[in-house]
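Let's take a friendly walk through this model together.

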Amino acid sequence: MSNNSAGISITVLLPAGRLPLDIMKTAQELANEYNFGIYLSLTQNLRLINVPENIASHVREQLATLGAEFKALGLFPLPRICIGKPHCNLGLIDTEQLSNKITARFNSPKKVKGRFKIAISGCPAGCTSPRNCDIAIMATRSGYSVYAGGKGGLIPRVGRRIKVRITEEEVLDTIAVLVDFHDRKTKVKQRIFQILADPEFPFVEV
Ligand code: SF4
(Lines give C-alpha, C1' and ligand atoms only; values in the text may rest on other atoms or scores of the structure.)
Protein backbone atom coordinates (compact mmCIF):
# COMPACT_ATOMS: atom_id res chain seq x y z
CA MET A 1 0.00 0.00 0.00
CA SER A 2 1.43 3.43 -0.89
CA ASN A 3 0.21 6.99 -0.71
CA ASN A 4 -0.54 9.33 -3.59
CA SER A 5 -2.50 12.53 -3.88
CA ALA A 6 -5.71 10.94 -5.15
CA GLY A 7 -5.82 7.93 -2.86
CA ILE A 8 -3.70 4.91 -2.18
CA SER A 9 -2.60 1.84 -4.11
CA ILE A 10 -3.21 -1.74 -3.09
CA THR A 11 -1.34 -4.42 -4.99
CA VAL A 12 -2.88 -7.87 -5.14
CA LEU A 13 -0.26 -10.53 -5.82
CA LEU A 14 -1.04 -12.82 -8.75
CA PRO A 15 1.18 -15.95 -8.67
CA ALA A 16 2.25 -16.91 -12.21
CA GLY A 17 0.29 -13.93 -13.51
CA ARG A 18 -2.99 -15.80 -13.08
CA LEU A 19 -6.00 -13.71 -12.11
CA PRO A 20 -8.62 -15.74 -10.21
CA LEU A 21 -12.07 -14.94 -11.59
CA ASP A 22 -13.62 -14.33 -8.17
CA ILE A 23 -10.91 -11.80 -7.33
CA MET A 24 -11.34 -10.16 -10.72
CA LYS A 25 -15.12 -9.94 -10.22
CA THR A 26 -14.90 -8.53 -6.69
CA ALA A 27 -12.16 -6.07 -7.66
CA GLN A 28 -14.34 -4.82 -10.51
CA GLU A 29 -17.38 -4.47 -8.24
CA LEU A 30 -15.36 -2.58 -5.63
CA ALA A 31 -13.83 -0.34 -8.31
CA ASN A 32 -17.28 0.46 -9.64
CA GLU A 33 -18.71 1.11 -6.21
CA TYR A 34 -15.88 3.30 -4.93
CA ASN A 35 -14.72 4.76 -8.23
CA PHE A 36 -11.08 3.68 -8.28
CA GLY A 37 -8.92 2.29 -11.07
CA ILE A 38 -7.22 -1.03 -11.80
CA TYR A 39 -3.78 -1.35 -13.37
CA LEU A 40 -2.06 -4.55 -14.50
CA SER A 41 1.48 -3.99 -13.22
CA LEU A 42 4.70 -4.78 -15.07
CA THR A 43 5.38 -7.45 -12.47
CA GLN A 44 2.11 -9.17 -13.42
CA ASN A 45 0.16 -8.14 -10.36
CA LEU A 46 -3.17 -6.35 -9.99
CA ARG A 47 -2.74 -2.83 -8.69
CA LEU A 48 -5.79 -1.00 -7.44
CA ILE A 49 -5.09 2.70 -7.84
CA ASN A 50 -6.60 5.83 -6.32
CA VAL A 51 -8.39 3.82 -3.65
CA PRO A 52 -9.97 6.25 -1.16
CA GLU A 53 -8.04 5.84 2.07
CA ASN A 54 -11.15 5.51 4.22
CA ILE A 55 -12.30 2.33 2.42
CA ALA A 56 -8.87 0.72 1.88
CA SER A 57 -9.28 -1.69 4.82
CA HIS A 58 -12.68 -2.74 3.56
CA VAL A 59 -11.27 -3.41 0.06
CA ARG A 60 -8.42 -5.47 1.46
CA GLU A 61 -10.77 -7.47 3.69
CA GLN A 62 -13.15 -8.23 0.82
CA LEU A 63 -10.33 -9.49 -1.37
CA ALA A 64 -8.55 -11.31 1.47
CA THR A 65 -11.66 -13.42 2.08
CA LEU A 66 -11.15 -14.74 -1.47
CA GLY A 67 -7.56 -15.69 -0.68
CA ALA A 68 -5.88 -12.58 -2.07
CA GLU A 69 -2.41 -11.77 -0.79
CA PHE A 70 -0.94 -8.29 -0.95
CA LYS A 71 2.43 -6.84 -1.80
CA ALA A 72 4.47 -6.11 1.31
CA LEU A 73 8.08 -5.49 2.26
CA GLY A 74 10.21 -8.57 2.66
CA LEU A 75 8.12 -11.03 0.67
CA PHE A 76 9.95 -13.40 -1.64
CA PRO A 77 9.36 -12.04 -5.17
CA LEU A 78 6.85 -13.80 -7.39
CA PRO A 79 8.60 -14.76 -10.64
CA ARG A 80 7.67 -12.79 -13.76
CA ILE A 81 6.89 -15.44 -16.33
CA CYS A 82 6.03 -15.79 -19.99
CA ILE A 83 2.98 -17.81 -20.99
CA GLY A 84 5.11 -20.84 -21.95
CA LYS A 85 3.93 -24.35 -22.73
CA PRO A 86 1.25 -25.35 -23.76
CA HIS A 87 0.01 -21.87 -24.71
CA CYS A 88 3.01 -20.81 -26.81
CA ASN A 89 4.18 -22.90 -29.78
CA LEU A 90 7.82 -22.28 -28.89
CA GLY A 91 7.39 -23.11 -25.22
CA LEU A 92 9.69 -25.83 -23.87
CA ILE A 93 8.35 -25.86 -20.32
CA ASP A 94 5.22 -25.15 -18.31
CA THR A 95 6.27 -21.81 -16.82
CA GLU A 96 3.30 -21.66 -14.45
CA GLN A 97 4.28 -24.96 -12.90
CA LEU A 98 7.92 -23.87 -12.41
CA SER A 99 6.82 -20.53 -10.98
CA ASN A 100 4.55 -22.27 -8.51
CA LYS A 101 7.37 -24.62 -7.48
CA ILE A 102 9.65 -21.67 -6.80
CA THR A 103 6.96 -19.86 -4.86
CA ALA A 104 6.11 -22.96 -2.82
CA ARG A 105 9.75 -23.58 -1.90
CA PHE A 106 10.77 -20.01 -1.08
CA ASN A 107 7.64 -18.43 0.31
CA SER A 108 8.21 -20.03 3.68
CA PRO A 109 9.60 -18.29 5.62
CA LYS A 110 8.32 -15.36 3.61
CA LYS A 111 10.80 -12.74 4.72
CA VAL A 112 13.75 -11.98 2.45
CA LYS A 113 15.94 -8.93 2.09
CA GLY A 114 15.00 -6.80 -0.89
CA ARG A 115 15.23 -6.05 -3.61
CA PHE A 116 15.75 -8.62 -6.29
CA LYS A 117 13.43 -9.91 -8.99
CA ILE A 118 13.09 -13.26 -10.72
CA ALA A 119 12.09 -13.96 -14.32
CA ILE A 120 11.34 -17.19 -16.14
CA SER A 121 11.22 -17.68 -19.89
CA GLY A 122 9.93 -20.84 -21.48
CA CYS A 123 12.47 -20.83 -24.33
CA PRO A 124 15.58 -18.89 -25.42
CA ALA A 125 13.44 -16.19 -27.08
CA GLY A 126 13.32 -14.61 -23.63
CA CYS A 127 10.00 -12.76 -23.81
CA THR A 128 10.28 -11.82 -20.12
CA SER A 129 13.64 -10.08 -20.74
CA PRO A 130 15.22 -12.52 -18.31
CA ARG A 131 18.78 -11.40 -18.88
CA ASN A 132 17.88 -7.99 -17.49
CA CYS A 133 16.62 -9.48 -14.25
CA ASP A 134 18.41 -10.22 -10.96
CA ILE A 135 17.77 -13.95 -11.18
CA ALA A 136 16.73 -15.40 -14.52
CA ILE A 137 15.76 -18.91 -15.52
CA MET A 138 15.65 -19.78 -19.19
CA ALA A 139 14.50 -23.10 -20.61
CA THR A 140 16.55 -24.47 -23.50
CA ARG A 141 16.40 -27.74 -25.45
CA SER A 142 19.27 -29.07 -23.36
CA GLY A 143 18.04 -28.05 -19.91
CA TYR A 144 17.90 -24.80 -17.97
CA SER A 145 20.25 -21.85 -17.95
CA VAL A 146 20.38 -19.52 -14.96
CA TYR A 147 21.58 -15.90 -15.06
CA ALA A 148 22.38 -13.63 -12.14
CA GLY A 149 22.82 -9.91 -11.76
CA GLY A 150 20.86 -8.47 -14.65
CA LYS A 151 18.88 -5.26 -14.27
CA GLY A 152 16.98 -2.64 -16.19
CA GLY A 153 16.70 0.99 -15.24
CA LEU A 154 18.93 3.90 -16.17
CA ILE A 155 22.03 1.75 -16.45
CA PRO A 156 20.85 -1.67 -17.64
CA ARG A 157 23.01 -4.74 -17.22
CA VAL A 158 22.92 -8.18 -18.77
CA GLY A 159 23.01 -10.95 -16.19
CA ARG A 160 25.98 -13.29 -15.88
CA ARG A 161 25.25 -16.87 -16.90
CA ILE A 162 26.05 -19.03 -13.88
CA LYS A 163 24.46 -22.34 -14.83
CA VAL A 164 23.80 -24.13 -18.10
CA ARG A 165 22.12 -27.43 -19.02
CA ILE A 166 20.83 -28.09 -15.51
CA THR A 167 17.67 -29.78 -14.25
CA GLU A 168 14.68 -28.17 -12.59
CA GLU A 169 15.80 -29.39 -9.16
CA GLU A 170 19.22 -27.88 -9.76
CA VAL A 171 17.53 -24.60 -10.70
CA LEU A 172 15.79 -24.56 -7.32
CA ASP A 173 19.04 -25.37 -5.53
CA THR A 174 20.85 -22.61 -7.44
CA ILE A 175 18.22 -20.07 -6.40
CA ALA A 176 18.55 -21.23 -2.80
CA VAL A 177 22.32 -20.65 -2.83
CA LEU A 178 21.94 -17.25 -4.48
CA VAL A 179 19.24 -16.07 -2.10
CA ASP A 180 21.17 -17.29 0.92
CA PHE A 181 24.32 -15.50 -0.27
CA HIS A 182 22.34 -12.34 -0.99
CA ASP A 183 20.83 -12.52 2.49
CA ARG A 184 24.22 -12.90 4.17
CA LYS A 185 25.78 -10.05 2.20
CA THR A 186 22.90 -7.58 2.39
CA LYS A 187 22.18 -5.26 5.30
CA VAL A 188 18.80 -3.90 4.20
CA LYS A 189 18.45 -4.25 0.47
CA GLN A 190 20.57 -4.46 -2.67
CA ARG A 191 20.31 -5.85 -6.17
CA ILE A 192 22.06 -9.08 -7.10
CA PHE A 193 24.52 -7.31 -9.46
CA GLN A 194 25.99 -5.58 -6.42
CA ILE A 195 27.25 -8.88 -5.01
CA LEU A 196 28.63 -10.32 -8.26
CA ALA A 197 32.10 -8.88 -7.59
CA ASP A 198 32.26 -10.28 -4.07
CA PRO A 199 35.24 -12.69 -3.91
CA GLU A 200 32.99 -15.23 -2.18
CA PHE A 201 30.29 -15.12 -4.85
CA PRO A 202 29.37 -18.80 -5.12
CA PHE A 203 29.22 -19.19 -8.92
CA VAL A 204 31.60 -18.66 -11.82
CA GLU A 205 30.50 -17.52 -15.26
CA VAL A 206 29.76 -20.41 -17.65
S1 SF4 B 1 9.90 -16.94 -24.12
FE2 SF4 B 1 9.51 -18.56 -25.61
S3 SF4 B 1 7.95 -19.84 -24.63
FE4 SF4 B 1 7.92 -17.89 -23.60
S5 SF4 B 1 6.34 -16.69 -24.66
FE6 SF4 B 1 8.34 -16.18 -25.57
S7 SF4 B 1 8.50 -17.52 -27.34
FE8 SF4 B 1 6.91 -18.38 -26.00
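How many nonpolar, polar and charged residues are in the shell around the ligand, by class? In this predicted model, the shell has six nonpolar and four polar residues, with no charged ones. The residues surrounding the ligand are Cys82, Cys88, Leu90, Gly91, Ser121, Gly122, Cys123, Ala125, Gly126 and Cys127.

Now turn to the sheet. Strands of a sheet pair through backbone hydrogen bonds, in either a parallel or an antiparallel way. Here the sheet is open and has five strands, ordered E5-E6-E7-E8-E9, with mixed pairing. Strand E5 (80–81) and strand E9 (160–166) are its edges, each pairing on one side only. For a closer look, pick strand E7 (residues 135–140) and strand E8 (residues 143–148), which pair in the antiparallel sense over six bridges. Within this pair, Ile137 stands opposite Val146 in E8.

Next come the helices. Helix H3 (residues 95–106) packs on the sheet, where it touches E5, strand E6 (118–121), E7 and E8. The direction of H3 makes about 150° with that of E6. Helix H4 (residues 168–185) lies across E7, E8 and E9, and runs at about 155° to E9.

How do the two helices meet? H3 and H4 pack at an angle of about 40°, their axes 11 Å apart, and they are therefore oblique to each other. Their crossing is right-handed. From H3, the contact involves Gln97, Leu98, Lys101, Ile102, Arg105 and Phe106, while H4 contributes Glu168, Glu169, Leu172, Asp173, Ile175 and Ala176. By class, this contact has six nonpolar, one polar and five charged residues.

How values were computed. Residues are numbered from 1 along each chain as its sequence is written. This is a predicted model: local features need pLDDT of at least 70, side-chain atom pairs count only at pLDDT 80 or more; totals for chains, interfaces and linings use all residues. Side-chain values use heavy atoms; hydrogens and water are left out. Two strands pair if DSSP finds at least two bridges between them. Helices (H or I, at least four residues) and strands (E, at least two) are DSSP runs, numbered from the N terminus. Contact means heavy atoms within 4.5 Å. Axes are lines fitted to C-alpha atoms, for helices over the stretch in contact, and angles run from 0 to 180 degrees between N-to-C directions. A residue is near a molecule or strand if one of its heavy atoms lies within 4 Å of it. Ala, Val, Leu, Ile, Met, Phe, Trp, Tyr, Cys and Pro count as nonpolar, Asp, Glu, Lys and Arg as charged, and the others, Gly among them, as polar. Angles under 35 degrees count as roughly parallel, over 145 as roughly antiparallel, 65 to 115 as roughly perpendicular and the rest as oblique. A crossing is left-handed if the near helix is turned anticlockwise from the far one by less than a right angle, and right-handed if clockwise.
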